[in-house]
Amino acid sequence: MRIATWNVNSIRTRYGRVIDWLVRNDIDVLAMQEIKCRPDQFPVEAFAQAGYQLEINGLNQWNGVAFASRHEMTDVARTFDGMPGFGAPIKGQEAVQGEGANGLPIEARALGVTVGDLRLWSLYVPNGRSLDDPHFTYKLAWLEALRANTEAWLAEDPDLPLALMGDWNIAPLDGDMGDPSFTVGRSTHVSPDERSMFASFAPLVEDVVRPIVPEGYTFWDYKAGRFPKDEGMRIDFIMGSRAFADAVTGASIERDERKGDAPSDHVPVVSDVDPSLFSGSFEDEYDRPMVF
DNA sequence: ATGTCCAGGTTTCCTGGA
């Protein structure tokens, strides 16, 4: 079973390329970030024709996360406890946009689904913008709320196969940062505060890709020829709980997806999971022939 | 070369965000 994450940078611009990649690579579940649209604008039919169901959390042209899955998704969540908000309310979204723990409007940055035994989250961590920006404080508070929730979920069920997948907007190790415009001490993504926050997830979830793919970036800025110069950063991660990580049999970073016509600035990150290592119900569901 | 993409609106360029 293949589970992947991809910051697609507008699904309306990219859906042909995304679906082609999904089918070509036999992906079962894809967590998307930066879909940049509302659910009513999402190209649902194109995904359905390729055999994928969708769950979508999008409010406007900013942010937005979604799942495409060949398998049934249940227990859909669009926030987690204590999630802070940011900025002003989005016009026309008053009915669906909740209020965060800090009293500000909640953004479309998280989506949780259950697929068989798996609990999966598609996450678009706030960028931070700059070290002295309110968005940076928001980034750290958002991550702390996620960490606290992760701790609670795993306290309730230590054997939960949980994966936190998405664009974390943090380069945890020096080798993960190859963009010379980012420097430790002056820039987001590499600050001690962000790296400490990332590291604080360590007892709960671990990077399931790095042990298999020790090197390589997942993002290259469109500007300044960053991709041809390979001046990218590794900021997209699949962070798995113990039960999830123990079932991982393979992984890849799909660097070729940064090439060609109209690529996203991020590439997909993939994990292979052996469903037989989870309890039986899911294996049965997984092995059922697909019906179109 | 403050570089390139994306979406929306006040379009046929401007803005904000990354």
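Modeller: Two strands are said to pair if DSSP finds at least two bridges between them. Strands (E, at least two residues) and helices (H or I, at least four) are DSSP runs, numbered from the N terminus. This is a predicted model, in which local features need pLDDT of at least 70, side-chain atom pairs count only at pLDDT 80 or more, and totals for chains, interfaces and linings use all residues. Residues are numbered from 1 along each chain as its sequence is written.

Colleague: How do you know that β1 is paired with strand β2 (residues 29–33)?

Modeller: Five bridges join the two strands, β1 and β2, which run parallel; at least two are required. Within β2, Q33 is the bridge partner of N7. The chain passes from β1 through helix α1 (residues 11–24) to β2 in a right-handed β-α-β crossover, that is, clockwise from the first strand over the helix to the second, with the strands pointing away from the viewer.

Colleague: Which strand pairs with β1 in the antiparallel sense?

Modeller: Strand β12 (residues 269–273) does, over four bridges, and V269 in β12 is the bridge partner of T5.

Colleague: What makes β1 (residues 2–7) largely enclosed?

Modeller: A residue is buried if 20 or more other C-beta atoms, placed from the backbone, lie within 10 Å of its own. Five of the six residues of β1 are buried, so the strand is largely enclosed by the rest of the structure.

Colleague: Why are β5 (74–77) and β9 (206–207) called edge strands?

Modeller: The open sheet has the order β5-β6-β7-β8-β10-β9, with mixed pairing. Each of β5 and β9 has a single partner strand, so one side of each is left without a neighbour in the sheet.

Terms used: Chains are lettered from A and ligands numbered from 1 in the order in which they are written. A residue is buried if 20 or more other C-beta atoms lie within 10 Å of its own, exposed if 12 or fewer, and partly exposed in between; C-beta atoms are placed from the backbone.
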